[in-house]
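These are my notes from one sitting with the structure.

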Amino acid sequence: MSAKRRLSLLGLDGPAILKEAVKILDKRVEAPSRRAFLRSSLTLGGLAMLSGCTLSDDENVEKALTAVSRFNDRVQGWIFDPNKLAPTYPESMITRPFPFNAYYGIDEVRQVEEESFRLEVTGMVADKRRWRLDELRAMAQIDQVTRHICVEGWSAIGKWGGVPFSTFLKRVGADLTAKYVGFKCADDYYTSIDMPTALHPQTILALTYDGRTLPPEYGFPMKLRMPTKLGYKNPKHIQAIFVTNTYPGGYWEDQGYNWFGGS
């Protein structure tokens, strides 16, 4: 699909994007001085960015898409409230069966052997030892019934259980002032998130689904569950976690998806 066609399908319109960003800021940022500063920055920065691109060929359209995407990442980062909780639901509202979704078919789901599995932890952390699943299961667990929102337009409600990710990061002595937490997965997927989202109380290292061990199709041995992010930001089959100040990108993000990916 050409870049121009992608732009049309996404409905990217510079003034509309800026107008919506200002509306969101007015609702979410309470301090008048902070709100006024961000509104001014959005308007000036957005106009400068958009007016610098003439959408006359694919190369310039790609540049505009990238610029809008990065701008959107910054806006979402500004307005993200690390204390605001995503909605939760009663178990009676769980979607059954919960949809399978990946960049491959269900018959290609990776099988991970529990006995040999070790979670690798690297980067800006004090404790770089590898973790067995039974060690993670021995930590305090929480459950959540939340909505998974896919960038493709569908959503489903599920029940995940696991270790609060903030607890795990503190346990391994992660530098909580670092910018990014990255993930590498057994299915060759990879992604990364911002530290405020990593520390959000609803971000969990999920080990169970609907009260049972996380099935392979849902990400065994573990997935990161974040109801504050779109589905592609929730990696499955995690085998390595790293903390860094160097932008790590992601499987879909490196192909043009927004990096922040807030839902």
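**Entry 1: Lys-229**

I looked up Lys-229 and found it buried, at 3% relative accessibility; buried means under 20% relative accessible area, exposed over 50%, and partly exposed in between, with a 1.4 Å probe and protein chains only. I am working on a predicted model, where local features need pLDDT of at least 70, side-chain atom pairs count only at pLDDT 80 or more, and totals for chains, interfaces and linings use all residues. Residues are numbered from 1 along each chain as its sequence is written, and side-chain values use heavy atoms, with hydrogens and water left out.

Lys-229 lies in the loop between β8 (223–225) and β9 (238–244). I take helices (H or I, at least four residues) and strands (E, at least two) as DSSP runs, numbered from the N terminus.

What does the side chain of Lys-229 make a polar contact with? I found the side chain of Asp-194, at 3.0 Å. A polar contact here is a pair of N or O atoms within 3.5 Å; within protein, one must be able to donate a hydrogen and the other to accept it, and residues adjacent in sequence count only if both atoms are side-chain atoms.

I then listed what Lys-229 touches, leaving aside residues up to four places away in sequence: Ile-193, Asp-194, Thr-197, Asn-234, Phe-260, Gly-261, Gly-262 and Ser-263. Contact means heavy atoms within 4.5 Å.

**Entry 2: positive phi**

His-237 is in that loop between β8 and β9 as well. I noted its positive phi of about 55°, although His-237 is not a glycine. Is His-237 buried or exposed? His-237 counts as buried because its relative accessibility is 1%.

Asp-188 is another non-glycine with a positive phi, about 70°. I placed Asp-188 in the loop between β4 (180–185) and β5 (190–194). Asp-188 is exposed, since its relative accessible area is 52%.

**Entry 3: cis peptide bonds**

I found a cis peptide bond between Arg-96 and Pro-97, with omega about -5°. Pro-97 sits in the loop between α4 (58–79) and β1 (120–123).

The bond from Phe-220 to Pro-221 is also cis, with omega near 10°. Pro-221 belongs to the loop between β7 (212–213) and β8.

**Entry 4: Phe-117**

Pro-221 came up again when I checked Phe-117. Phe-117 touches Val-112, Trp-131, Arg-132, Leu-133, Pro-221, Met-222, Ile-238 and Gln-239, not counting residues up to four places away in sequence. Phe-117 is placed in the loop between α4 and β1, and with a relative accessible area of 7% it is buried. How far apart in space are Phe-117 and Leu-133? I read 7.4 Å from C-alpha to C-alpha, for two residues 16 apart in sequence.

Strands of a sheet pair through backbone hydrogen bonds, either parallel or antiparallel. I count two strands as paired if DSSP finds at least two bridges between them.

β2 (residues 142–149) runs antiparallel to β3, joined by eight bridges. One of the bridge pairs sets Asp-143 against Gly-161 in β3. The two strands form a hairpin with five residues between them, and Gly-153 in the turn has a positive phi of about 115°.

I then followed β3 to β6 (residues 204–209), with which β3 pairs in the antiparallel sense over five bridges. Gly-161 stands opposite Thr-208 in β6. How many residues of β3 (155–164) are buried? I noted nine of 10, which leaves the strand mostly covered.

**Entry 5: the four-stranded sheet**

I traced an open sheet of four strands in the order β1-β9-β4-β5, with mixed pairing. β1 and β5 are the edge strands, each pairing on one side only. Neighbouring strands of this sheet are turned by 20° against each other on average, direction ignored; the axes are lines fitted to C-alpha atoms, for helices over the stretch in contact, and angles run from 0 to 180 degrees between N-to-C directions.

Within this sheet, I found six bridges pairing β4 and β9 in the antiparallel sense. Tyr-180 has Thr-244 of β9 as its bridge partner.

**Entry 6: whole chain**

Last, I noted the totals. The protein chain has seven helices and nine strands, and 44% of its 263 residues count as buried. Among contacts between residues at least 6 apart in sequence, 69% join residues at least 24 apart.
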